[in-house]
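Biologist: Could you take me through this structure, one local feature at a time? I would like to begin with a loop.

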Amino acid sequence: MNRRGYEWRLKERTLLLGERTLIMGILNVTPDSFSDGGRYDDPDRAFARAVELEDAGADIIDVGAESTRPGSERVSEAEELRRLIPVLRRLRDKLSIPISVDTYKSVVAEKALETGAEIINDPSALTFDPLLARTVGQHNAGFVINHMRGTPESWGKLPPMKDPINGIAADLDAGVHRAVRAGVDRARIVIDPGLGFGKRREQNSEILAQLPFLARLELPIMVGPSRKAFLSQWHKSPDEPCPFEIMTASAITAAILGGAHIVRVHEVKDLKAVVQLADQILSFSGIEDSSASPASRGQSGGSESRRPRTGPPRDRRPGDAIGSSPSGPLNPRNPR
């Protein structure tokens, strides 16, 4: 299987996907997230954390203001906005990398995109709020469609999926078609199989093993195994906490070797070297892309002038972006 190259069009720039794996750093501004709830709900602490993630090598910051941990309850639009908007205002024009917002609500997405976000990361694959896709399309934003079964409140009661990868592929394909019909350019879409989102623990490993199957949808793939509960099933020492970063590293390596273009993680500093090693293995395995678009071959970041941020300038990382969004349309399906 080849990891194909793509040009991911965002609101204000285009990212190259495929030359190397991009890292999406997680910034939860919630009081109840699984591992970091309440740590970054203050806008100043959130700002400091976002800068820390960027300095550590994140290519994207993903801000979440509503927890989707198993058993969590939904919050109102007003509460999600109360948590989110002050943080986005604090971050606006202060980072050189794009900001993503993890939400399924169209009203929240609208306000987020008006306050500097360039990507909406929908955990529900458009099953919660069908108006979300129209909002994304109107703002020409990037869009991550993440697979979810049921709701976080019901996950513990769901039976195993009978055919996980085929079921996920069919559901994601349906979500993509809904998004395109609502006005989202296919070149702005990334898909995510949604590890842990309503899947039984043992089936997440099966999904990682069969990840190359999702390449048939001809879209970039993001995978987020970071600190997911299924990673703890191999931890047999009840007196010690699960070493989630070690387990996450294993899952990230599997995802990259299976064709993932983006990985979503909590600790960028600890995992960047893991991503780089997996990319190197990929480059020697014959999986590295030989069918990338001409724009993405032989480039290492192009001539983009990135947005300013406070603090001393730093060297750009290769492969981050190729500039602001082009005026002409991109081919949403790269040539074989």
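Modeller: Glutamate 218 is buried, at 14% relative accessible area, where buried means under 20% relative accessible area, exposed over 50% and partly exposed in between, with a 1.4 Å probe and protein chains only. The model is predicted, so local features need pLDDT of at least 70, side-chain atom pairs count only at pLDDT 80 or more, and totals for chains, interfaces and linings use all residues. Residues are numbered from 1 along each chain as its sequence is written, and side-chain values use heavy atoms, with hydrogens and water left out.

Biologist: Where does glutamate 218 lie? And what is its phi?

Modeller: Glutamate 218 belongs to the loop between H6 and E9. Its phi is positive, about 55 degrees, although the residue is not a glycine. As for the labels, helices (H or I, at least four residues) and strands (E, at least two) are DSSP runs, numbered from the N terminus.

Biologist: What about leucine 126, buried or exposed?

Modeller: Leucine 126 has 7% relative accessibility and therefore counts as buried. It sits in the loop between E6 and helix H4 (132-138), and its phi is positive at about 65 degrees, although it is not a glycine.

Biologist: And glycine 116, where is that found?

Modeller: Glycine 116 is in the loop between helix H3 (106-114) and E6. Its relative accessibility is 10%, so it counts as buried.

Biologist: How many bridges join E3 to E10?

Modeller: Four bridges join strand E3 (residues 22-28) to E10, and the two run parallel. Glycine 25 is opposite valine 265 in E10. E9 and E10 also pair in the parallel sense, over two bridges, with valine 263 in E10 as the bridge partner of valine 223.

Biologist: Which residues cover the faces of E10?

Modeller: In strand E10 (residues 262-265), Ile262 and Arg264 lie on one side and Val263 and Val265 on the other, and all are buried.

Biologist: What about E5 and E6, how many bridges there?

Modeller: Strand E5 (residues 99-102) pairs with E6 in the parallel sense over three bridges. Isoleucine 119 in E6 is the bridge partner of serine 100. Strand E6 (residues 119-122) also holds asparagine 121, which counts as buried because its relative accessibility is 4%.

Biologist: Which side chain makes a polar contact with that of asparagine 121?

Modeller: The side chain of aspartate 62, at 3.2 Å. A polar contact is a pair of N or O atoms within 3.5 Å; within protein, one must be able to donate a hydrogen and the other to accept it, and residues adjacent in sequence count only if both atoms are side-chain atoms. Beyond its neighbours within four places in sequence, asparagine 121 is in contact (heavy atoms within 4.5 Å) with residues including Met24, Ser100, Asn146 and Arg264.

Biologist: Last one: which residues of H5 meet H6?

Modeller: Pro164, Ile165 and Ile168 in H5 meet Gln203, Glu206 and Ile207 in H6.

Note on methods:
Two strands pair if DSSP finds at least two bridges between them.
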